[in-house]
Amino acid sequence: MKLAIRHTTKYSFDEPVVHALQRLRLTPKETQGQKILEWEMRYENAHLELEFDDQNFNTVTLVAVNPGASEVTITCRGMVETEDNAGVIGSHAGHLPLWSFLAQTKLTKPGPKVRALVRDIGRPEEGAKLDYLHALSARIREGVIYQTGTTQVTTTAEESAAEGSGVCQDHAHIFIGAARAADIPARYVSGYLMMNDRIEQEATHAWAEAHIDGLGWVGFDISNGISPDPRYVRVATGRDYRDAAPVTGISFGASQQMLTVDVAVEQQQDNQ
């Protein structure tokens, strides 16, 4: 499947910026089942400083905001070709060893609420980890209702489980924390999802991947109750949201900033 993507991020500052740097993880991965056909990034009131691959093989673009700017726009456009591998990504790659994805982070660490949420599915039996992970995904989706506005990017898995609601980021963090507690390496994925009923998407998407012997990394979209199919585009991975956040940065000279994001994903026919 060929997917055309447009992703626009706009920052509006309350005062002109003296100095600001933005770290962008907005370039899709070249990985099994996914090929970048075209990709470009354009900046208004900002300029490229450098680009590098981080410890998770994410492409990181560092841009500097032009001094005196009160608004910055970053526009990504491109075409990605995807395949249906039933969510299987395959063998581990990256500078971090596989065991590092067993360690909990502040955002994923399970507490009493997460443990209570997943208690009834027990522990994974040897040779049945895939079944366990599907059951885990279903249990989280059932117990934590998808609802916007109840959590934010700093919300932990335990806080979301206690609230009983959250978004895709929260579902992923709960899943990752529970999988790691069951001695299964797990990681966070940020990317794009083409919804079948629209071109304009609400935002970027997030899901999780777990590593299973014999299969490698396998994806689980807890919020939608499926494993990723050709409608999904992987952009960045990490131990939690902070490792894979699309945009992070620092600024001096402006006390507040407003962020707006527009995302469009559309299937393209071969003759286009």
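Let's start with Ile174. Leaving out residues up to four places away in sequence, Ile174 touches Val114, Leu117, Ile140, Val144, Ala157, Ser160 and Ala161. Contact here means heavy atoms within 4.5 Å.

A word on what we are looking at. This is a predicted model, where local features need pLDDT of at least 70 and side-chain atom pairs count only at pLDDT 80 or more, while totals for chains, interfaces and linings use all residues. Residues are numbered from 1 along each chain as its sequence is written, and side-chain values use heavy atoms, with hydrogens and water left out.

Back to Ile174. Which residues touch the most other members of the largest nonpolar core? Ile174 is one of them, along with Leu26, Leu133, Leu136, Ile140, Phe175 and Tyr192. That core has 60 residues. Its largest share, seven residues, comes from helix α4, residues 168-181. By nonpolar core I mean a set of buried Ala, Val, Leu, Ile, Met, Phe, Trp, Tyr and Cys residues joined through side-chain atoms within 4.5 Å. Buried means under 20% relative accessible area, exposed over 50%, and partly exposed in between, with a 1.4 Å probe and protein chains only. Helices (H or I, at least four residues) and strands (E, at least two) are DSSP runs, numbered from the N terminus.

Now α4 itself. It has 14 residues. From first C-alpha to last it reaches 20 Å, close to the 20 Å expected at 1.5 Å a residue. That expected span is 1.5 Å times one less than the number of residues. Buried or exposed? Of the 14 residues in α4, 13 are buried, so the helix is largely enclosed by the rest of the structure. Just after α4, Asp183 takes a positive phi of about 65°.

Stay in α4 for Gly177. Gly177 is buried, at a relative accessible area of 0%. Beyond its sequence neighbours up to four places away, Gly177 touches Gln104, Thr108 and Pro110.

Next, Arg187. How far apart are Gly177 and Arg187? Ten residues in sequence, and 9.3 Å in space, C-alpha to C-alpha. Arg187 sits in strand β10, residues 186-193. Arg187 is buried too, with a relative accessible area of 6%. Its contacts, again not counting residues up to four places away in sequence, include Ile89, His92, Phe101, Trp207, Glu209, Trp217 and Arg234. Ile176 and Arg180 are also among them.

On to the strands. Two strands pair if DSSP finds at least two bridges between them. Take β5, residues 59-65. Six of its seven residues are buried, so β5 is mostly covered. Strand β4, residues 46-53, pairs with β5 in the antiparallel sense over seven bridges.

Last, β6, residues 71-82. Nine of its twelve residues are buried, so β6 is largely enclosed by the rest of the structure. Which strands pair with it? Strand β1, residues 2-13, pairs antiparallel with β6 over eleven bridges. Arg6 meets Arg77 of β6 as its bridge partner. Strand β3, residues 34-44, is joined to β6 by ten bridges, also antiparallel. Gln34 stands opposite Thr82 in β6.
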